[in-house]
Amino acid sequence: MKPDKVLLPQTDHDVFMNVALQEALTASDNDEVPVGAVIVCGGRIIARAHNQRELLKDPTAHAEMIAITQAAAAMNNWRLTGATMYVTLEPCAMCAGAIVLSRIDRLVFGAADPKAGACGTLFNIVQDSRLNHRVEIVSGILAAECAETLKSFFAKRREK
């Protein structure tokens, strides 16, 4: 006899990362690199975005950058203090810089990025003591699911 499946409660990190994963899937459906980002403040989502570089023909149209712009509009302030960003892939140097400049308090990411990660892998811009703001990092949330989204996307691309 098989034991009953035990359902563990999801943490807030899991819940919000799942929303970011949905954004990543939207990106993939639009032939964009599947990265999704969500910004939460006061327990509610104030921004959600996915990569749109191909659509907008804009090298800065990363999920994180778009989400920061949305969150600043929602808060009517460029300072996003009290906010947490959830992103499926470790941010690059550009996005890490924007996270610092926007004063986001916490960054939660899924998969590490060994080729461009600037939040602990290649660099750690968001915690550099020489800067005037440092960001708390929580990494590895739903990392396998986040990484699989990227692996599947690039595998399909190689088939074409």
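Modeller: Start at Cys41. Leaving aside residues up to four places away in sequence, Cys41 touches Ile46, Met75, Thr81, Gly82 and Ala83. Keep in mind that this is a predicted model.

Biologist: Which strand holds Cys41?

Modeller: Cys41 is found in strand S1, which covers residues 36-41.

Biologist: How far is Cys41 from Asp29, twelve residues apart along the chain?

Modeller: Their C-alpha atoms are separated by 28 Å.

Biologist: Now the helices. How do I read a packed pair?

Modeller: Two packed helices are described by the angle between their axes and the distance between the axes. Take H3, residues 63-75, and H4, residues 93-101. Their axes come within 9 Å and cross at roughly 20°.

Biologist: What does that angle say about the directions of H3 and H4?

Modeller: Angles under 35 degrees count as roughly parallel. H3 and H4 are therefore roughly parallel to each other.

Biologist: Is the crossing of H3 and H4 left-handed or right-handed?

Modeller: The crossing is left-handed.

Biologist: Which residues of H3 and H4 meet?

Modeller: From H3 come Glu64, Met65 and Ile68. They meet Met94, Cys95, Ala98 and Ile99 in H4. By class, this contact of H3 with H4 has six nonpolar residues, one charged and no polar.

Biologist: Let me try another pair. How do the axes of H1 and H5 lie?

Modeller: H1 spans residues 12-29 and H5 spans residues 143-159. Their axes come within 10 Å, crossing at roughly 5°. That makes H1 roughly parallel to H5.

Biologist: Which residues make the contact between H1 and H5?

Modeller: On the H1 side, look for Met17, Leu21, Ala24, Leu25 and Ser28. On the H5 side, look for Glu145, Cys146, Thr149 and Phe153. The contact of H1 with H5 divides into six nonpolar, two polar and one charged residues.

Biologist: Next, empty space. How is it found?

Modeller: Rolling a probe the size of a water molecule over the atoms shows where empty space is left. Here, the largest pocket holds about 460 Å³ of space.

Biologist: Which residues are the closest to the centre of the largest pocket?

Modeller: They are Val33, Val35, Leu89, Asp113 and Leu150, out of 20 residues that line this pocket.

Biologist: Which element gives the largest share of the lining?

Modeller: H5 does, with four residues.

Biologist: How does the lining of the largest pocket divide by class?

Modeller: Twelve of the lining residues are nonpolar, two are polar and six are charged. H5 links two parts of our tour: H5 meets H1, and H5 also contributes to the lining of the largest pocket.

Note on methods: Residues numbered from 1 in each chain as written. Predicted model: local features only at pLDDT ≥ 70, side-chain atom pairs only at ≥ 80, totals over all residues. Heavy atoms only, no water. Axes fitted to C-alpha atoms, helices over the stretch in contact; angles between N-to-C directions. Parallel < 35°, antiparallel > 145°, perpendicular 65-115°, else oblique. Left-handed = near helix turned anticlockwise from the far one by under 90°. Contact = heavy atoms within 4.5 Å. Nonpolar A, V, L, I, M, F, W, Y, C, P; charged D, E, K, R; others polar. 1 Å grid on protein atoms, 1.4 Å probe; cavity = no way out; pocket = protein on both sides within 12 Å on 5 of 7 lines; lining within 4 Å. Points joined across faces, edges and corners; volume = space filled by probe spheres on them.
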